[in-house]
Amino acid sequence: MTAHEIDYRIYGEEMQYVEIELDPQEGVIAEAGSFMMMDDGIKMETIFGDGSQKDDSFLGKVFGAGKRILTGESLFMTAFYNNLSGKRNVSFASPYPGKIIPIDLTEYKGKFICQKDAFLCAAKGVSIGIEFSKRLGRGLFGGEGFIMQKLEGDGMAFVHAGGTMAKKVLQAGEVLRVDTGCLVGFTQDVDYDIEFVGGIKNTIFGGEGLFFAKLQGPGTVYIQSLPFSRLAGRVLASAPQRGGKNKGEGSILGGLGDILDGDNRF
């Protein structure tokens, strides 16, 4: 497998986007909805799966794309090709505040495992597949279920981490415990399992869930400070309910303040 050799540049701080520079005939694949902008001359094409299947028959393509249903993703991905003689740029944006992580698969023995919604885009030729859990506890309580995404090949891939990203390089035998939702991805050498928090008070009143993700080195682990599920939960908890009352965001005027500042949702 030989992926296209792409150049890139990441812009921004809290809401980042990655700009991919494509030489003539080079391409990049991306999840639907991540596209931001592109130069004139780039061809956009919707394809089954990631387009890297060795079996080019129709049934082979359908099978490769069908595996993506298990991760909750679309059957289709979008490919962008530079069909002109000069260099052209195409950009992809973060879905919510956080950091874009460039992953050079050649540095990780050709494979990287990540949460199913972390993948953003990759060089054409990188395979985006599924990674099944072989452990019952990890499958039942891991938050991601039995399935995570695996990125395979020898090219560049880009994944997204919410909030601030932490990179931990674990030595052989070193253990790191992480909130299951905060885990972004890890290299294939990392041993990943689920561990019960333990303790009656921790279980009932801790508010941090019942299980940790236990990761044992050697290998590299990426962690996010703001999982999308946590962000969405906070937004929903703070949103005014139908027929309910707005919190007023600390205004001493309360509802009167809403009228004065033009917020007339009543």
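Buried means under 20% relative accessible area, exposed means over 50%, and partly exposed lies in between (1.4 Å probe, protein chains only). With that in hand, both tyrosine 108 and phenylalanine 112 are buried. This is a predicted model, in which local features need pLDDT of at least 70, side-chain atom pairs count only at pLDDT 80 or more, and totals for chains, interfaces and linings use all residues. Residues are numbered from 1 along each chain as its sequence is written, and side-chain values use heavy atoms, with hydrogens and water left out.

- Strands (E, at least two residues) and helices (H or I, at least four) are DSSP runs, numbered from the N terminus.
- In strand S3 (residues 27-30), Gly27 and Ile29 point one way while Val28 and Ala30 point the other, and all are buried.
- Two strands pair if DSSP finds at least two bridges between them.
- S3 runs antiparallel to strand S6 (residues 76-82), joined by four bridges, and valine 28 has phenylalanine 80 as its bridge partner there.
- S3 also runs antiparallel to strand S10 (residues 119-123), with three bridges, and alanine 30 stands opposite cysteine 121.

**Aromatic pairs**

- Rings of Phe, Tyr and Trp (its six-membered ring) pair if their centres lie within 6.5 Å; planes under 30 degrees apart count as stacked, over 60 as edge-to-face and the rest as tilted.
- The structure holds seven aromatic pairs.
- Tyrosine 11 and tyrosine 17 are stacked, because their ring centres are 5.0 Å apart and their planes at 15 degrees.
- Tyrosine 108 and phenylalanine 112 form a tilted pair, 6.0 Å centre to centre with 35 degrees between the planes.
- Phe35, Phe80 and Phe92 form one aromatic cluster.

**Salt bridges**

- A salt bridge is a side-chain nitrogen of Lys or Arg within 4 Å of a carboxyl oxygen of Asp or Glu, and the structure holds six.
- Lysine 99 and glutamate 13 meet in one of them (3.7 Å, N to O).
- Lysine 99 lies in strand S8 (residues 98-104) and glutamate 13 in the loop between strand S1 (7-11) and strand S2 (17-22), so the pair ties together parts 86 residues apart in sequence.
- Glutamate 13 is exposed at 52% relative accessibility, whereas lysine 99 is partly exposed at 25%.
- Glutamate 21 and lysine 87 also meet in a salt bridge (3.5 Å, N to O), and Glu21, Asp23 and Lys87 are linked in a network.
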